[in-house]
4 protein chains.
Amino acid sequence: MSAVFAWPQRVYYQHTDAGGVVFHAHYLNFMENARTELLQSLGFDPGVLLREHQVFFVVHSATLAFRRPALLNDMLAVTAEVKRATRARLVFGQQVRRGDEVLVEAEITIACTDPQAHKPIPVPAAIFRRFEQQNTGAPAAEPAMQVAEKEPIR
Amino acid sequence: MSAVFAWPQRVYYQHTDAGGVVFHAHYLNFMENARTELLQSLGFDPGVLLREHQVFFVVHSATLAFRRPALLNDMLAVTAEVKRATRARLVFGQQVRRGDEVLVEAEITIACTDPQAHKPIPVPAAIFRRFEQQNTGAPAAEPAMQVAEKEPIR
Amino acid sequence: MSAVFAWPQRVYYQHTDAGGVVFHAHYLNFMENARTELLQSLGFDPGVLLREHQVFFVVHSATLAFRRPALLNDMLAVTAEVKRATRARLVFGQQVRRGDEVLVEAEITIACTDPQAHKPIPVPAAIFRRFEQQNTGAPAAEPAMQVAEKEPIR
Amino acid sequence: MSAVFAWPQRVYYQHTDAGGVVFHAHYLNFMENARTELLQSLGFDPGVLLREHQVFFVVHSATLAFRRPALLNDMLAVTAEVKRATRARLVFGQQVRRGDEVLVEAEITIACTDPQAHKPIPVPAAIFRRFEQQNTGAPAAEPAMQVAEKEPIR
């Protein structure tokens with residue numbers, strides 16, 4: 001049973017607001033980062049998909065529960081897992097976690113469009129096939145978190 | 001029957017993404033703008049509330065449906081209406097509209113916290129009282145939209 | 001002598017950071033808003049320019065001085081004036097003001113590109129001609145500020 | 001001779017605009033990320049500095065040259081090096097690079113303020129001392145770039 005994919009996210013000034021906490025809209029950005037890195041880790045490059053295949057991902061709908069605030073310089077872990085996959089939609093379950101605490105919980109439904117016509121198109125077959133196995137209804141894996149060793153480049 | 005409050009919002013480059021449409025997280029910002037201007041129009045100043053009364057508004061939860069894309073330079077109207085008010089929460093119904101089209105529909109639930117302790121506090125009594133009349137279950141007003149005459153300052 | 005164009009900007013939570021002030025990068029957004037509304041007020045629609053004429057504006061360079069902080073719910077005025085115009089560049093002088101105080105001062109140089117090729121193209125002739133009269137070196141007009149009456153749409 | 005500190009940055013949809021490139025204001029965010037991670041790597045935690053020592057970093061001024069566009073899903077390297085340090089200011093030289101290409105070049109001057117009073121305060125002595133050796137005028141190190149191995153957390 002595999003662990004849930006998670007991507008590290010540091011909280012910088014740019015994410016905080018005058019209440020001293022992360023402004024709620026930034027969590028949608030953090031969750032986009034984790035979804036993109038999950039796709040990237042499976043070999044799907046959103047830049048190539050957009051520029052060479054005219055496949056553009058859009059958020060179709062979202063449900064978000066903001067449970068506890070994240071603070072400046074917190075190191076968060078943002079999970080991304082595909083809960084359901086059809087030819088029309090990918091439904092992601094996502095969490096923003098700080099250690100054992102779940103700060104934000106979300107369900108984010110993604111669709112694909114043609115970026116010229118702004119019309120819906122199917123999820124690319126290779127991506128759909130990679131995730132359709134998620135539809136089995138098997139119990140979700142328990143996230144096996146640990147703070148990633150993000151390293152500077154120098 | 002009063003019309004629904006709406007606030008104009010132009011789409012600038014900063015709101016768009018490589019698909020040529022407004023990036024989904026920005027709609028949460030647009031909706032914050034409209035909620036703030038509604039409060040402001042009723043005499044409640046979020047800056048004074050934060051700095052002098054230690055009242056900080058946070059988004060508790062949100063449900064969003066992104067129906068159609070907004071494009072560069074579109075002039076949108078963002079509605080804000082309180083659907084339910086309790087001492088603990090304000091539940092806003094909000095839409096992002098372009099003329100007669102509803103582009104985004106959302107329910108955004110707001111709570112108040114003490115910004116030092118990051119602990120829940122009641123909604124200020126004056127704000128609660130202003131909105132509790134909304135709880136009657138009367139049919140929602142039909143938005144009476146027209147593009148605002150936003151004027152440059154000079 | 002005409003007054004300088006200015007566009008009103010309220011400070012919302014989304015613009016502030018944990019220091020209780022506007023995060024510096026947002027001033028670049030405020031200044032884009034004012035430049036766009038100036039163009040719009042002269043009849044140039046950035047959306048039409050992008051989608052029908054393949055004219056895309058990019059920031060070529062910028063110099064910024066952040067003098068005083070803006071706070072939550074402040075009503076700012078953001079000026080935009082073209083100081084120099086060539087076929088290759090528009091050089092804007094811009095200020096973010098709160099009443100008589102200048103909070104931020106900037107020089108922002110804009111160029112045009114073809115959004116498919118990401119290659120430089122000339123500034124559209126109609127825009128260049130509208131602004132080339134600015135090259136006379138006449139003393140800059142004094143901003144004649146007053147808080148705009150931004151009205152909700154309802 | 002030490003290499004210049006650099007921090008990896010992937011370009012996500014949220015950073016791009018309708019021209020298909022990174023919107024200019026986001027580079028200021030990328031540069032904040034690199035400065036923060038440099039401080040963090042030296043043992044200075046901006047969250048502790050803000051909440052326990054009332055030390056808040058602000059950008060005092062900035063000069064930016066945007067040379068070439070970054071595209072969706074590019075993996076960038078953002079450098080941060082202190083070129084001059086005084087008790088009042090830290091002057092950073094920063095670049096945004098894609099492989100051998102310099103996309104953006106900037107000088108960002110940072111000051112410290114008391115976040116309650118919004119008044120200037122000295123740069124903390126430990127940070128000043130760590131960087132004052134940079135004032136020797138020695139030739140800047142050549143960036144020794146390599147794409148960091150950023151790993152998912154699972």
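I began with α1 of chain B, which is mostly covered, with 14 of its 18 residues buried. A reminder to myself that the model is a predicted one.

Next I looked up the length of this helix. α1(B) covers residues 24–41, and from first C-alpha to last it reaches 27 Å, close to the 26 Å expected at 1.5 Å a residue. I then checked what comes after the helix: α1(B) is followed by Gly43(B), and the phi of Gly43(B) is positive, near 95 degrees.

**Entry: the contact of A and B**

How many residues does each chain bring to the contact? I found 22 residues from chain A and 22 residues from chain B. On the chain A side, the elements that give two or more residues are α1 (24–41) and β2 (56–66).

Then I turned to the strands. β2(A) is joined by five bridges to β2 of chain B (residues 56–66), and the two strands run antiparallel. One position I looked up was Ser61(A), which stands opposite Ala65(B) in β2(B).

**Entry: symmetry of A and B**

I superposed chain A on chain B: this takes a rotation of 180 degrees with 0.0 Å of shift along its axis, at an RMSD of 0.0 Å. The two copies are therefore related as by a two-fold rotation axis. Which C-alpha of chain A is nearest the axis? The answer is Thr63(A), whose C-alpha is 2.2 Å from the axis.

I also asked which surface each copy uses. Of the interface residues of chain A, 100% are also interface residues in chain B, so the copies meet through the same surface.

**Entry: Val104 of chain C**

Last stop, a residue in another chain. Val104(C) lies in strand β5 (residues 101–114) of chain C. Is Val104(C) buried or exposed? I counted 24 C-beta neighbours inside 10 Å, and 20 or more make a residue buried, so Val104(C) counts as buried.

I then listed its contacts, leaving out residues up to four places away in sequence. Val104(C) touches Tyr27(C), Leu64(C), Ala65(C), Phe66(C), Arg67(C), Gln95(C) and Val96(C).

Key. Residues are numbered from 1 along each chain as its sequence is written. Chains are lettered from A and ligands numbered from 1 in the order in which they are written. This is a predicted model: local features need pLDDT of at least 70, side-chain atom pairs count only at pLDDT 80 or more; totals for chains, interfaces and linings use all residues. Two residues are in contact if their C-beta atoms, placed from the backbone, lie within 7 Å. Helices (H or I, at least four residues) and strands (E, at least two) are DSSP runs, numbered from the N terminus. Two strands pair if DSSP finds at least two bridges between them. A residue is buried if 20 or more other C-beta atoms lie within 10 Å of its own, exposed if 12 or fewer, and partly exposed in between; C-beta atoms are placed from the backbone. Copies are superposed by least squares on the C-alpha atoms of residues with pLDDT of at least 70 in both. The expected span of a helix is 1.5 Å times one less than its number of residues.
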